[in-house]
Amino acid sequence: MTKVNLYNMKKEVVGDVELSDIFNVEYNEPVIHQVVVAVHNNQRQGTMANLTRSEVRGKAAKPWRQKGTGSARQGSRKGPQWTGGGIVFAKKPRDFSQKVNKKVKDLALCSALSQKLRQDELFIVDSIKVDAPKTKVMADMLDKFGFTGKSVAIVTDGVDANVLRSSNNIQKLNVNEVRLLNACDIVENKFVVLTLDALKKLEEAF
């Protein structure tokens with residue numbers, strides 16, 4: 001097991017924590033890449049729809065005779081070369097979603113977290129408490145940890161309305177619930193901050 005410092009919101013060391021083996025997984029870039037691509041694809045709506053030449057409005061009649069006009073031969077004003085004509089290889093509604101096995105998702109998450117720990121970009125805090133929605137409280141915390149201007153993922157054990165509302169106006173700060181955490185949330189942020197309760201739930205899940 002790996003032992004790391006436990007911090008408070010002022011980055012004062014208030015103890016230490018032993019991390020389980022899920023934070024000691026070899027970095028597996030292909031698996032992480034697979035999960036990140038799947039997460040992005042699952043967020044796509046796929047509702048685009050263009051019209052082909054058979055679907056656009058207009059007459060299919062030949063606009064002028066084949067020869068003798070001096071103009072290029074045309075078969076219909078619904079062709080793709082005409083303004084208002086159909087689209088070649090028109091996009092149609094489709095499902096972009098990709099299925100990823102749970103074991104692959106878990107491996108990608110553990111691998112990403114382990115890499116963050118090895119790069120000293122993972123921090124454990126005892127708790128994140130905000131008495132009232134105040135952006136300054138969260139901004140001060142980021143400043144104490146040296147995160148200002150960097151992308152940060154804060155992982156909590158549940159929904160805290162005050163923490164969420166205090167974080168909304170801070171750019172590059174993302175607050176996530178541990179039950180919804182995936183490898184994409186980890187690799188797309190420079191630093192990761194886990195609350196102690198979130199860490200316990202994460203280790204229990206594995």
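Asp126, Ser127, Ile128, Lys129, Thr156, Asp157, Gly158, Val159, Asp160, Val163, Thr195 and Asp197 line the second largest pocket of this protein. Keep in mind that you're looking at a predicted model.

- Sort the lining of the second largest pocket by class and you get five charged, four polar and three nonpolar residues.
- Among the charged ones are Asp126, Lys129 and Asp157, while Val159 and Val163 are two of the nonpolar ones.

**The largest pocket**

- This one holds about 250 Å³ of space.
- If you want to find it in the 3D view, look for Lys102, Lys105, Asp106 and Leu109, then Val178, Arg179, Leu181 and Asn182, and finally Lys201, Leu202, Ala205 and Phe206, which together line the largest pocket.
- Which helix gives the most to that lining? That would be α2, with four residues.
- Helix α2 covers residues 102–118, and α6 covers 196–205; each of them supplies at least two lining residues.
- The class count for the largest pocket is six nonpolar, five charged and one polar.

- Serine 114 sits in helix α2, the helix that gives four residues to the lining of the largest pocket.
- Is serine 114 buried or exposed? Its relative accessibility is 0%, so it counts as buried, the cut-off being under 20%.
- A polar atom of the serine 114 side chain is 2.7 Å from the backbone oxygen of cysteine 110.
- Skipping neighbours within four places in sequence, serine 114 is in contact with Ile22, Phe23, Asn24 and Val25.

**Leucine 122, in a strand**

- You'll find leucine 122 in strand β3, which runs over residues 122–125.
- Leucine 122 has a relative accessible area of 10%, so it is buried too: anything under 20% gets that label.
- Which residues does leucine 122 touch, not counting those up to four places away in sequence? The list is Phe23, Leu113, Lys116, Leu117, Val192 and Leu194.
- Phe23 turns up for both residues: leucine 122 touches it, and serine 114 is in contact with it.
- Leucine 122 and valine 4 are 118 residues apart along the chain, yet 9.6 Å separates their C-alpha atoms.

Terms used
Residues are numbered from 1 along each chain as its sequence is written. This is a predicted model: local features need pLDDT of at least 70, side-chain atom pairs count only at pLDDT 80 or more; totals for chains, interfaces and linings use all residues. Side-chain values use heavy atoms; hydrogens and water are left out. On a 1 Å grid over the protein atoms alone, a cavity is a set of points where a 1.4 Å probe fits but cannot get out, and a pocket is an open set with protein on both sides within 12 Å along at least five of seven lines; lining residues have an atom within 4 Å of a point. Grid points are joined across faces, edges and corners, and a volume is the space filled by probe spheres set on the points. Buried means under 20% relative accessible area, exposed over 50%, partly exposed in between (1.4 Å probe, protein chains only). Contact means heavy atoms within 4.5 Å. A polar contact is a pair of N or O atoms within 3.5 Å; within protein, one must be able to donate a hydrogen and the other to accept it, and residues adjacent in sequence count only if both atoms are side-chain atoms.
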